[in-house]
Amino acid sequence: MHERRDQEQGDGGSKRGQAAPTADVVDAGTEAEAVVFVCATCGVTLTGPLTRLPAVPEAPYYEWWDADEPGPSPATVPSGHYAIELEPYGAPLVVAEVPGPAMPRRGMIYNDGQPLVSQGPKGNIVINPDDARSLELRHASAACCGATPDGGMNQLCACGTLVATLCSDCCLPYELHLSADHVRAVHT
Ligand SMILES: [Zn+2]
Ligand SMILES: [Zn+2]
């Protein structure tokens, strides 16, 4: 009953040569309409029903160094919602010309004194990790007690496809990024 097709005409997916008809998983105008995300390869359901937020929220302030036990921070995205990350996220990390956060909500990363910045994909679907289902962690970068996004995707679907990136180490924001190229939104 909504005309969601009108919403996305503007940026019809970046057409800079490389295929990937990026997700019109994103219906800007129909915020209240819940979707579940499924694996694009095997179709298994990867999330509960989620409704879209207009933007990724700020990560909650959290004094992780004062926490009684190491563990994830409070989630960036409230349960039951998702948001689209517009900036590059995850691997590869390349030397930055201008120092700054390596990726959103991540802080600085240095290699041999040189600041790094993400050249990873844009358009990740950011969710609360507690809303994810059927995903298994396969570490892609070193972490202390959780997972970091620095090495790229680290979440395996049951079919063996990497579909998402978990960020859950104690000093990092708690979020799960579904890869727009590896999942599909299904209206509930
Ligand atoms: Zn799958
Ligand atoms: Zn930790």
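**Close-ups of a predicted all-strand chain**

**View 1. Strand β10 is mostly covered, with five of its six residues buried.** This is a predicted model, so take each close-up as a look at a prediction. On one side of the pairing, β10 (162-167) runs antiparallel to β9 (residues 155-156), and two bridges join them. Look for L156 here, standing opposite L162 of β10. The hairpin that β9 and β10 make has five residues between the strands, and G160 takes a positive phi near 95 degrees in it. β10 also pairs with β11, again in the antiparallel sense, this time over four bridges. In that pairing, A164 stands opposite L178 of β11.

**View 2. The largest nonpolar core holds 30 residues.** If you want a place to start, pick L46, I125, I127 and L178, which touch the most other members of this core. Six strands each put in at least two residues: β1 (35-39), β3 (81-84), β7 (125-127), β10 (162-167), β11 (175-178) and β12 (183-187). Which strand gives the largest share of this core? That's β10, with four residues.

View 3. P92 itself lies in the loop between β3 and β4 (93-95).

**View 4. P74 sits in a loop and counts as exposed.** You'll find P74 between β2 (51-52) and β3. Why does P74 count as exposed? Because it has 12 C-beta neighbours inside 10 Å, and 12 or fewer is the cut-off for exposed. Leaving out residues up to four places away in sequence, P74 touches P60, Y62 and Y174. C170 is 96 residues from P74 in sequence, yet their C-alpha atoms are 9.9 Å apart in space.

**View 5. Two residues that are not glycine, D112 and S134, have a positive phi.** For D112 the angle is about 50 degrees, and the residue is found in the loop between β5 (110-111) and β6 (114-118). D112 counts as exposed because it has 6 C-beta neighbours inside 10 Å. S134 has a phi of about 60 degrees and is found in the loop between β7 and β8 (136-137). With 16 C-beta neighbours inside 10 Å, S134 counts as partly exposed.

**View 6. Stepping back, the chain has zero helices and 12 strands.** Follow the elements from the N terminus and you get β-β-β-β-β-β-β-β-β-β-β-β. Of the 188 residues in the chain, 36% count as buried. How many of the contacts between residues at least 6 apart in sequence join residues at least 24 apart? The figure is 60%.

Definitions and conventions
Residues are numbered from 1 along each chain as its sequence is written. Chains are lettered from A and ligands numbered from 1 in the order in which they are written. This is a predicted model: local features need pLDDT of at least 70, side-chain atom pairs count only at pLDDT 80 or more; totals for chains, interfaces and linings use all residues. A nonpolar core is a set of buried Ala, Val, Leu, Ile, Met, Phe, Trp, Tyr and Cys residues joined through C-beta atoms within 7 Å. A residue is buried if 20 or more other C-beta atoms lie within 10 Å of its own, exposed if 12 or fewer, and partly exposed in between; C-beta atoms are placed from the backbone. Two residues are in contact if their C-beta atoms, placed from the backbone, lie within 7 Å. Two strands pair if DSSP finds at least two bridges between them.
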